[in-house]
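Open the model in your viewer and keep the selection panel at hand. The tour begins at a cavity and then moves out to the interface around it.

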Amino acid sequence: MKRGWTLPILALLGFVFLYAPIVALVVFSFNESRLVTVWAGFSTRWYVALFNDRQILQAAWISLQVAVASATLATVFGVLAAFVLARLGRFRGRLLLTGMTTAPLVMPEVITGLSLLLLFVAMEQVLGWPGGRGMGTIIIAHTTFCLAFVAVIAQSRLRDMDESLEEAARDLGAGPVRVFFDITLPVIAPAIVAGWLLAFTLSLDDLVIASFVSGPGASTLPMVVFSKVRLGVSPDVNALATIIIAVVALSIATAGVILYRQNKRRAQGR
Amino acid sequence: MTALTQSRPWRWTARGLGVLGFSGRTLVIAIPMLWLLVFFLVPFFVLGRISLAEPILARPPYSPLFDRAPDGSLEILANLDNYRLLWEDTLYRNAYLSSIRIAFVSTLFALLIGYPIAYYIARSPEPRRTILLLLVILPFWTSFLLRVYAWMGFLQREGLVNSFLLFTGIIDAPLIMMQTTFAVQVGIVYTYLPFMILPLYANLTKLDEAFFEASADLGASPLVTFLTVTLPLSVPGIIAGCMLVFIPAIGEYVIPALLGGPDTLMIGRVLWDEFFSARDWPMAAAVAIVMLFLVVAPVMWLQDWLDRRGLNR
């Protein structure tokens, strides 16, 4: 079939659109001037400023803790929910559970954030718990909204999985707990890792929900960055962005190389 | 795992729960169920209840729902004032409509920009295909907030877009792009573009090359082939991509807050301001409840309908 130039040119323009702002962000993080529009010479002063900014460092540490905790909790609950929906057949409340694991995917963040905050305030009035808001309430909120994403990924893997493996284990006398830990879990392990990584990223990235349910002294990194950039562009944020982009690019490149080699090996094995 | 299931504490716990009438099965169902009931479903009832309260100067800043009347009987203090105001004040109505309009236009542009990229990747040979796919996914894993921020510097009066257009002589005076609805739309298209490209790619890569060859053999030009064969076959991918962009775009807060101007009305931003600036919690709750019924419910219904017709794969 004849291939014209239209498609490659349109695709190239699309990639320019995707990457031009990122390239500009990185370039101006090395700019001497405070202005992020005029080039005034190479400098790393904004990186120095960034690493001396205690507020940002503290917020980054809080964000990391919240992300690890909520990704882990979301993975446990999400995989359980997916297993229940994919393997346990009919039970009372099945429709409710299905709804509650898919609705968070389409729920606007402002609604999730506001409704959880109002819940925490009401619970504090009635039960005396949680006493005040902070990291704990952010972790609960992030676990709840990330859970749905993990459940979707795990559920699609469970559906694709060959159930005869589990049946064989049962026929050989393994109990349901043993089947789950020895057969099901290892088979869906890649989906669990993917789900954890997605939950980790979503938690690290969230501004809106955290802003609602956080309390004094527990500002996450996006909250601090947002309050900074609201006042206008500032080059130390460019430096922060450059570091994040470098970390992500390196991890994705590594993952890409591993995946590519695996595919090649699999193709050769056939 | 045998060691665990054979261990004494495990067996005792299992037996104890069995005596109480709990099977392992019930327990496994109960854990995610309880978490979601408490932290996902109950909050909506709290939201509904507070939307019926009045703002007061206290902690928490809303009136109680039940109160003791002077004669000792229990009174229910619910009022629909917030909903009346939502209906009467054109600000809220305009915000809902303008959110839908902005999300719609952005989705359309995301489709126009994303389709050629997805199509090109789908027809690329390996390893170029994997590399390009990773390039599409990479921005998604970096910070959403920082990707919006990147456009703040880009669209400024002295920003790179204006410098470029002035330098090439396309314009004589800098365009005002920041703090406009246009900037908000650019921001939405930019941040949600990967969500458009990935489902489109997944769909386009499954199409059989034989269709295109047959069409070409029968004398159709590439454009005719695209319009009569490729495009109709990729409708499921188009629908999936559009849903993934349109749904989060409606409730967006960060993008209008950073790139929009004071006249860029979006409902997520109205809710945020009602809560954080006006400190009117009941009004914010009422906005959220109406949003649930006008935005979330139709979207869930539409998805269900598409699922049933098998179009959402």
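**Stop one: a cavity**

Select α1 (6–29) and α12 (235–269) of chain A, then α7 (144–155) of chain B: each supplies at least two residues of the lining of the second largest cavity. Helices here are DSSP runs (H or I, at least four residues), numbered from the N terminus. This is a predicted model, where local features need pLDDT of at least 70, side-chain atom pairs count only at pLDDT 80 or more, and totals for chains, interfaces and linings use all residues. Residues are numbered from 1 along each chain as its sequence is written, chains are lettered from A in the order in which they are written, and side-chain values use heavy atoms, without hydrogens or water.

Now show the lining itself. From chain A, pick A:I22, A:L25, A:A241, A:I244 and A:I245; from chain B, B:T142, B:S143, B:L146, B:R147 and B:A150. Seven are nonpolar, two polar and one charged. The space inside is about 50 Å³. (A cavity is a set of points on a 1 Å grid over the protein atoms alone where a 1.4 Å probe fits but cannot get out; lining residues have an atom within 4 Å of a point.)

**Stop two: the interface**

Select 84 residues of chain B and the 85 residues of chain A they contact (heavy atoms within 4.5 Å). The two chains bury about 8000 Å² between them, 84% of it on carbon and sulfur atoms (accessible area lost on being put together, 1.4 Å probe, summed over both). Highlight B:W35, B:W141 and B:Y149: they supply 9% of the area that chain B buries against chain A, more than any other three residues.

Next, colour helix α3 (residues 24–50) of chain B. This helix gives the most to the side touching chain A, with 19 residues. That side of chain B divides into 70 nonpolar, ten polar and four charged residues.

Technical notes: 1 Å grid on protein atoms, 1.4 Å probe; cavity = no way out; pocket = protein on both sides within 12 Å on 5 of 7 lines; lining within 4 Å. Points joined across faces, edges and corners; volume = space filled by probe spheres on them. Nonpolar A, V, L, I, M, F, W, Y, C, P; charged D, E, K, R; others polar.
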